[in-house]
Amino acid sequence: MRKRLVHCRLFRYDKSKNKNGAGYMKCPSCHHHGTRVLDSRPVDEGRSIRRRRECEQCHYRFTTFEKVEEMPLIVVKKEGTREEFSREKILRGLIKACEKRPVALEQLEQITQDIEKELRNRGVAEVKSETIGEMVMERLSKVDEVAYVRFASVYRQFKDLNVFIEELKELIKKEQR
């Protein structure tokens, strides 16, 4: 019998409870209400748990991920609109700024993770997009100056060459300290 891997992001619990008072996990194949956990391990630096499960009835194996539900973090844009925080959006901006630069993807993922962690640790429901942009630029300036200038030129929307030159002068001053 060939086993397949199924990734489930959302758990399907039945309203009835097992002997421990917890809801039963439904099998995604036969919808039986009993599965057993074969293996559990932490993933995403301990922020999630990956569980390999097997249906007690049809023996179908699948993978589930258990993650703490975090309070949504809302980003307030310059024009006053609001949207949910997206770490992928930050990572895309960093990747674009670091294109053809000797910066490892792992560094960019770490920057993104650090920014998200810092924002969530503040315990606020809303954060201004300017705050996030400044956090990105602060960290990027320590990683790669060219990537920093690229990001800053898009983020700050330099109107003319003089403003751009002033930004470069500030970067040089920081480096000399």
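## Close-up views of a predicted protein model

Residues 24 or more positions apart account for 43% of those contacts in the protein that have a separation of 6 or more; contact means heavy atoms within 4.5 Å. This is a predicted model, in which local features need pLDDT of at least 70 and side-chain atom pairs count only at pLDDT 80 or more, while totals for chains, interfaces and linings use all residues. Residues are numbered from 1 along each chain as its sequence is written, and side-chain values use heavy atoms, with hydrogens and water left out.

**View 1. The whole protein has five helices and nine strands.** Helices (H or I, at least four residues) and strands (E, at least two) are DSSP runs, numbered from the N terminus. The order of elements from the N terminus is β-β-β-β-β-β-β-β-α-α-β-α-α-α. Of the 177 residues, 30% are buried. Buried means under 20% relative accessible area, exposed means over 50%, and partly exposed lies in between (1.4 Å probe, protein chains only). The protein exposes about 12400 Å², and carbon and sulfur atoms supply 50% of that area. Areas come from the Shrake-Rupley method with a 1.4 Å probe; for residues, only the protein chains shown count as cover.

**View 2. Three strands form an open sheet in the order β8-β7-β9.** The pairing is mixed. Two strands pair if DSSP finds at least two bridges between them. β8 (82–84) and β9 (126–128) are the edge strands, each with a single partner, so one side of each has no neighbour in the sheet. From one strand to the next, the twist averages 35 degrees. Axes here are lines fitted to C-alpha atoms, for helices over the stretch in contact, and angles run from 0 to 180 degrees between N-to-C directions. Strand β7 (residues 74–76) pairs with β8 in the antiparallel sense, over three bridges. Val75 stands opposite Glu83 of β8.

**View 3. The largest nonpolar core holds 26 residues.** A nonpolar core is a set of buried Ala, Val, Leu, Ile, Met, Phe, Trp, Tyr and Cys residues joined through side-chain atoms within 4.5 Å. Leu119, Ile132 and Leu140 touch the most other members. At least two core residues come from each of α1 (87–97), α2 (105–121), α3 (129–143) and α4 (145–155). The largest share, six residues, is supplied by α4. A second, separate core has five residues, including Met25, Cys27, Cys55 and Tyr60. In soluble globular proteins, nonpolar side chains tend to be buried together.

View 4. Leu119 belongs to helix α2. Leu119 is buried, at 0% relative accessible area. Leu119 and Met135 lie 16 residues apart in sequence, with a C-alpha to C-alpha distance of 9.8 Å.

**View 5. Arg51 and Glu66 meet in a salt bridge through their side chains.** A salt bridge is a side-chain nitrogen of Lys or Arg within 4 Å of a carboxyl oxygen of Asp or Glu. By this rule the count is 13. In this pair, the N to O distance is 3.0 Å. Arg51 sits in strand β5 (residues 48–55) and Glu66 in strand β6 (residues 61–67), so the pair ties together parts 15 residues apart in sequence. Arg51 is buried, at 18% relative accessible area. Glu66 is partly exposed, at 32%.

**View 6. Glu118 forms a salt bridge with Arg139.** The closest N and O atoms are 2.5 Å apart. Glu118 lies in helix α2 and Arg139 in helix α3, so the pair ties together parts that are 21 residues apart in sequence. Glu118 is partly exposed, at 30% relative accessibility. Arg139 is buried, at 16%.

**View 7. A salt bridge joins Lys142 and Glu138 in helix α3.** The N to O distance is 3.7 Å. The two residues are four apart in the helix, so about one helical turn separates them. Lys142 is exposed, with a relative accessible area of 65%. Glu138 counts as partly exposed, at 44%.

**View 8. Salt bridges link Arg36, Glu54 and Arg61 in a network.**
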